[in-house]
Amino acid sequence: MAVIPAFNEASHLGGVVEAARTHAHQVVVVDDASDDNTSQVAAEAGARVCRHLINLGPGAATATGLACALKLGAEVIVTLDADGQHCATEIPKLLAPIEEDRADLVIGSRLLEPQGMPRSRRLANHTANLITRWLYGVAVSDSQSGFKALTGNVAKALELRPGFEFSSDMLGRANRLGFRLCEVEVRAIYTPYSMSKGQGFGTGLRTLSRMLVQDRQS
Amino acid sequence: MTDFLPMQLGLTLVLLWTLKLVWGRSRPRLWTAGVTAALGLGLILVWVPHLAQTMADWLGVKRGVDAVVYLAIALLTFQVIRLHGLIENQSQTIAQLVSHLAQDQFERD
């Protein structure tokens with residue numbers, strides 16, 4: 001099952017859902033209180049739609065999506081971004097370590113082979129990796145990747161943070177709870193649209209400040 | 001005791017009003033005692049300013065005014081970080097509530 005958190009993604013979401021449906025038997029889109037017709041586009045593309053009443057951020061949208069997927073009986077869940085940055089064709093690659101019982105949470109790493117990644121993004125991601133290692137004790141090559149696969153047990157055990165810090169927080173909690181983490185190399189498609197949707201410098205600073213004040217043991 | 005100054009009266013009113021707010025809220029006793037002590041120290045320093053110099057000597061700071069500024073910055077920084085943490089916790093609670101509402105609606109659909 002695939003989970004796609006989305007906020008104002010009506011222009012690109014249809015294609016992302018349709019691509020995900022070719023590799024996942026169900027797709028859940030969490031509309032994080034979009035101003036556009038994201039929900040309608042997702043439903044027309046064949047996704048089950050869950051809608052937040054107010055905008056909470058990607059972490060909360062992912063958490064809601066995972067909870068909805070569990071309610072639908074999902075045993076393995078793939079999360080991917082709504083901006084078309086991830087290739088749905090790589091979902092099987094992400095699922096392989098779980099199917100082979102080598103991992104409980106698989107990170108689709110854009111930085112194992114960072115071809116095409118803008119230098120600013122590469123620098124931001126390396127910084128985020130260092131902070132994740134320092135604050136959460138997890139050393140991975142792409143702590144901010146939204147392309148992940150996880151088992152139902154991991155999804156049940158996680159309680160995610162609302163903002164962009166959820167990605168590092170998810171890894172920290174999974175690691176602390178003894179789940180097996182692994183990374184597989186994935187491609188990321190950078191377009192002006194996907195670049196405009198990611199974390200900017202200001203969002204990065206806010207994410208960092210939230211990471212610093214949060215109780216990471218809770 | 002120094003000569004009466006309007007500033008002293010103003011600061012005293014602000015500190016006493018803050019003290020009233022603190023005592024009017026039900027908070028842990030330790031917290032109330034700590035804030036009362038800090039406000040009490042503030043009141044003493046407002047009316048007996050030369051004590052700030054004694055305090056500065058204890059703290060190893062040259063001037064009394066510097067000691068007051070440093071202490072104020074430290075206390076305000078602590079409060080800002082604490083408030084940031086409280087707001088984050090509230091955000092987390094709101095997020096959980098909204099998420100549960102969305103899930104309920106999802107199940108009904």
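**Close-up 1. Buried residues of helix α5 in chain A.** The buried residues of α5(A) are A:Arg121, A:Asn125, A:Ala128, A:Asn129, A:Ile131, A:Thr132, A:Leu135 and A:Tyr136. The model shown here and in the other views is predicted. Helix α5 of chain A covers residues 119-136, 18 residues in total. At 1.5 Å a residue its span should be 26 Å, and the end C-alpha atoms lie 25 Å apart, which agrees. Just after α5(A) comes A:Gly137, whose phi is positive, at about 70°.

**Close-up 2. Two cysteines of chain A, A:Cys68 and A:Cys50.** The cysteine sulfur closest to that of A:Cys68 belongs to A:Cys50, at 3.6 Å. A disulfide needs the two sulfur atoms within 2.5 Å, so this separation is too far for a bond. A:Cys68 is buried, and its relative accessible area is 0%.

Close-up 3. A:Cys182 counts as buried, with 18% relative accessibility, because the limit for buried is under 20%. Over all chains, a search of the whole structure gives zero disulfides.

**Close-up 4. A nonpolar surface patch with residues from chains A and B.** A:Leu53 and A:Ile54 form this patch with B:Ile94, B:Leu97 and B:Leu101. Together the five side chains named here belong to residues with about 480 Å² of accessible area. B:Leu101 sits in helix α4 of chain B, which runs over residues 64-108. With a relative accessibility of 41%, B:Leu101 counts as partly exposed, because that class lies between the limits of 20% and 50%.

Methods
Residues numbered from 1 in each chain as written. Chains lettered and ligands numbered in written order. Predicted model: local features only at pLDDT ≥ 70, side-chain atom pairs only at ≥ 80, totals over all residues. Heavy atoms only, no water. Patch = residues over 30% accessible without salt bridge, like charges linked within 9 Å, V, L, I, M, F, W, Y side chains within 5 Å. Areas by Shrake-Rupley, 256 points an atom, 1.4 Å probe, with all protein chains shown as cover. Salt bridge = Lys/Arg side-chain N within 4 Å of Asp/Glu carboxyl O. Helix = DSSP H or I, 4+ residues; strand = E, 2+ residues; numbered from the N terminus. Buried < 20%, exposed > 50% of the residue type's maximum accessible area, 1.4 Å probe, protein only. Expected span 1.5 Å × (residues − 1).
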